[in-house]
Amino acid sequence: MLCTRLTNARFLTMDPDHPVAHDLGIWRGRIVGLDEAVTSLPAHEVIDLQGATVLPGFIDAHVHLAWTGFKEKTPSIAGRTGIDEVLAVVEEAVTRKGSPGAWVSIAGYDQRALGRHLTAAELDTVSHGHKVFMLHDSGHGCVVNTAVLDLLPAGTPHDSGFLAEGAMGAARALRLPYSQEELAQAIGRAARTCLAEGVTACAEAGIGGTLFGHSPVELGAYQLASEKGLLPLRVQLMVSADRLRPVAAHEADGIPRALDLGLRTGFGGDRLSVGALKIYTDGGMMARTAALGSPYEGLDHSGQLQDDPDVLADTIVDGHLAGWQLAVHAIGDRAADVALDALERAQRLRPRPGARHRVEHAGLIRPDQLPRFARLGVSAVVQPNFLRYFGDDYAAIMGEERAPWLYRGRAFLDHGITLVGSSDRPVTDGSPLRAVQFMVERASESGRLIGPDEGITVDEALRAYTVAGAFACHWEDSLGSLTPGKLADLVVLGDDPRRIDMSRIGDIEVVTTYVDGRESGKSAS
C-alpha cells in the first residue's frame, strides 16, 4: 500500500525519461512510481492537487541560514536614504539596550543608498557608551563606532570606521560566539522562510569561519536544530577553510591540512551533512571589494583579494589533497583567475575528476575564462537575483564592455559548464521563482536588460534550481527530479512557469512543499 498518492496535477519531473506525469506515488518518504504504475495501487491517503503544477523541491545551493535568521530579528536601516534617518534608528536601538557598554547590531547597511559610507564619528554621536556594529548587506564589510575601533588589534585597516573583509572579521571576532541555542533558533527561522518559497534543500555557505561563521562549534548548532525539530528541510554545510589546520597524517595520504579526525565532504545523512570546503578569494561587488582585472568604472581601484594569491592557492590545493569538494568564492574575474589556476594545479597534483569543485558567484567571468571552467569540470553557482535587484548599479560599475559578462547564463551552458542557481540569502531575495524569471528575461527591476544574450529558457532555469543543484551538492541519486527511487521532496505551484508570460514567473504562488513525502507543517502519518 502507498503511503500517499498525489493526483490531478501536472508533475514536471525534470526527468527526460518521463518528463510529465499526472499521478505520483509515495511510500516511506520516497517516490515509488508515476502515472499508471501507481494509479491502481491502494493508498493510505489520496490527495487531489486540483490541477496544480508540481516540481522537484527547489535546491538553493548557496545560502546563509544563521545570518538570515539573525537578520530577521535585528534592527534595520534598510530603505533609509539620509544620514540623520539612519542615526535615529541606531539611537533607538541603542536606547533599547539597557546594559552599559553592550553590543548593538544594526542590519540593512548599504552605502549606495546614502551616497557614502557612515563614519565612526557619526555613530559616536548616538552610541551612548555602547559598541555599535553595522553589517554591510553584502556581508563583506561593516561600520563600527570608536568603542569598537579601540578594541581592535593595532594596525587594523579601516576608513573612518568602515572595515572590509579581514578587518571586518577582526571586529566580528570581538563578540563571538553565539550560543548553540541562539543559533538553532535563528537557523530554524531561516529554514521556514526557505520552505515557504519552495526550497526543500540548501547548502549553508560557510560555517565556523572568520567572515561568516558564528561559533567555533557551529556544526553542533545545526545538529541541535535538527534534534529540536527546527530544521524542516535538508541542509548541507560548507565548512570555512580557515578551520583547516596542519595534520601529521600518513605520508601516503598526502594530506597537509584537515579538520579534526579527517572530517570532509560527504559525512552525514540525507537531512544534515557536510558538503564543500568554502574558500574565499575576494570580496563583493556591493562593497566594491570583488577583485577585478581592471578598475571599477569611476573608481581608482579594482577591489581586493582576501590574501596573497599564493596563500589562497595553497589553501585550495591543500583542500583538494585532503579529499574535499571545494566551493571557491570568486566574484571578480581576477579572483576567478586565482581560483582556476589553483584548481588546475590541484588536479594536476592529484587528479580527482569526480570532485565537482564549484566557483561560488562567478560574478564577472571573461570570455577567455569560460573554456577553463569547462576543461576543469567546475560548476558555476550563480545568484540571478543579484542582477534583478542590483543590476543597474553593477552594470554601471562594470561599464559597457564588462556588463554583459555579469552572472552569465547562456555562455556557461553553451560551454558545457554546469549552471547552478542559488540566492546567497539574506544578501538579497531568496525566491527561486524570481531568480528563474531573471535568468530568462535578464531584466533588472527597473527594466534594464543586462547581458540579454545570456538569457536561457525556462526549462534550463528550472534545471539550475533542481537537477543542477542536486549535482553540485552530490545529491543527484536522491534529489533533483521526480524519479522513482528518489526522495519525495516536491514544491506545489499555483501555475506552470513554462506556460505563462515570463514576466509573471516570479509571482507564481508556492502553494505548499513536501519533504520526505510529508506536506510542510504536517507530521508523519
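By class, eight nonpolar, seven polar and two charged residues form the lining of the largest cavity, where Ala, Val, Leu, Ile, Met, Phe, Trp, Tyr, Cys and Pro count as nonpolar, Asp, Glu, Lys and Arg as charged, and the others, Gly among them, as polar. The model is predicted, so local features need pLDDT of at least 70 and side-chain atom pairs pLDDT 80 or more, while totals for chains, interfaces and linings use all residues. Residues are numbered from 1 along each chain as its sequence is written, and side-chain values use heavy atoms, without hydrogens and water.

A cavity is a set of points on a 1 Å grid over the protein atoms alone where a 1.4 Å probe fits but cannot get out, and its lining residues have an atom within 4 Å of a point. The largest cavity has a volume of about 120 Å³, the space filled by probe spheres set on the points. Of its 17 lining residues, Ser138, His140, Ile331, His361 and Asp424 are the closest to its centre.

Histidine 361 also belongs to strand S17, where it stands opposite alanine 330. Strands (E, at least two residues) and helices (H or I, at least four) are DSSP runs, numbered from the N terminus, and two strands pair if DSSP finds at least two bridges between them.

| Parallel pair | Bridges |
|---|---|
| S16 (residues 326-330) and S17 (residues 358-361) | four bridges |
| S17 and S18 (residues 379-382) | three bridges |

In the second pair, valine 359 has alanine 380 of S18 as its bridge partner. S16, helix H11 (residues 333-349) and S17 form a right-handed β-α-β unit, and the crossover from S17 through helix H12 (residues 370-376) to S18 is right-handed, meaning that, with the strands pointing away from the viewer, the path from the first strand over the helix to the second runs clockwise.

Definitions and conventions. On a 1 Å grid over the protein atoms alone, a cavity is a set of points where a 1.4 Å probe fits but cannot get out, and a pocket is an open set with protein on both sides within 12 Å along at least five of seven lines; lining residues have an atom within 4 Å of a point.
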